[in-house]
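Let's take a friendly walk through the charged side chains of this model. Here are the sequence and the structure to keep at hand.

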Amino acid sequence: MRIPRITPRDTTFFDLFTASAEHLVTGSKLLGELLGADLAGRRAIAKQMNEVEHLADEATHTIMRRMNSTFVTPFDRDDIYELASALDDCMDFMEEASDLIVLYKLEELPRRVADQVQILQRCAEITAEAMPRLRSMSDLQDYWVEINRLENQADKQHRKLLAQMFDDITDPILLMKLKEVVEILEEAADAFEAVANTVETIAVKES
């Protein structure tokens, strides 16, 4: 049985985590738009992505500052740090992928790259939906189960995409550039799973 707290706790953290996750939704949408844009459009979208990444960084810094200035936190400080860092990693990987697509001037991307990004978009959406539920620690199991399923799907897409690239691309430099982008997108999927794993850890501790 869960023991009720007798000390007040700073509920601002729940709003901060929600805001941080909402940046991931924006970032994943921009990443999808970038894939379908021409080179000039991609540069403009990558700039927007960089701005969103800065906002996400500031959201992370705000959480850390709040944690350092608050005596009673809603759950363990280590878990707050892990969750904030994992959310930040998701944004960092998506921004890095968009930046490399522009820097490498990758005119045409394999079709399955869009499939990878669609998975990230879904991960971002359900992560943003889950963050407000940290306040009550209710109805969270479906979230981390679904993220795990999506990450497994991302793994399969990643393997298929690599196989396709090695079959179809004969230019070794182009192959190297595309492979780096594809690997970073896979790391983004792993980062979303890390967020879900942290949420599961917190929920178990608080139950």
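R122 and E125 form a salt bridge, with their closest N and O atoms 3.3 Å apart; the term stands for a side-chain nitrogen of Lys or Arg within 4 Å of a carboxyl oxygen of Asp or Glu. Because R122 and E125 sit three residues apart in helix 4 (residues 111-130), about one helical turn separates them. Helices here are DSSP runs (H or I, at least four residues), numbered from the N terminus.

This is a predicted model, where local features need pLDDT of at least 70 and side-chain atom pairs count only at pLDDT 80 or more, while totals for chains, interfaces and linings use all residues. Residues are numbered from 1 along each chain as its sequence is written, and side-chain values use heavy atoms, leaving out hydrogens and water.

A search of the whole structure turns up eight salt bridges, including these:

| Pair | Closest N to O |
|---|---|
| R122 and E125 | 3.3 Å |
| K205 and D76 | 3.4 Å |

K205 belongs to helix 6 and D76 to the loop between helix 2 (39-69) and helix 3, so their pairing ties together parts 129 residues apart in sequence. D76, D79 and K205 are also linked in a network of salt bridges. By contrast, K179 and E183 both lie in helix 6, four residues apart, about one turn of the helix.

How accessible are these partners? K205 has 45% relative accessibility and counts as partly exposed, and D76 is partly exposed with a relative accessible area of 39%. Partly exposed falls between buried (under 20% relative accessible area) and exposed (over 50%), using a 1.4 Å probe and protein chains only.

How values were computed. Helix = DSSP H or I, 4+ residues; strand = E, 2+ residues; numbered from the N terminus.
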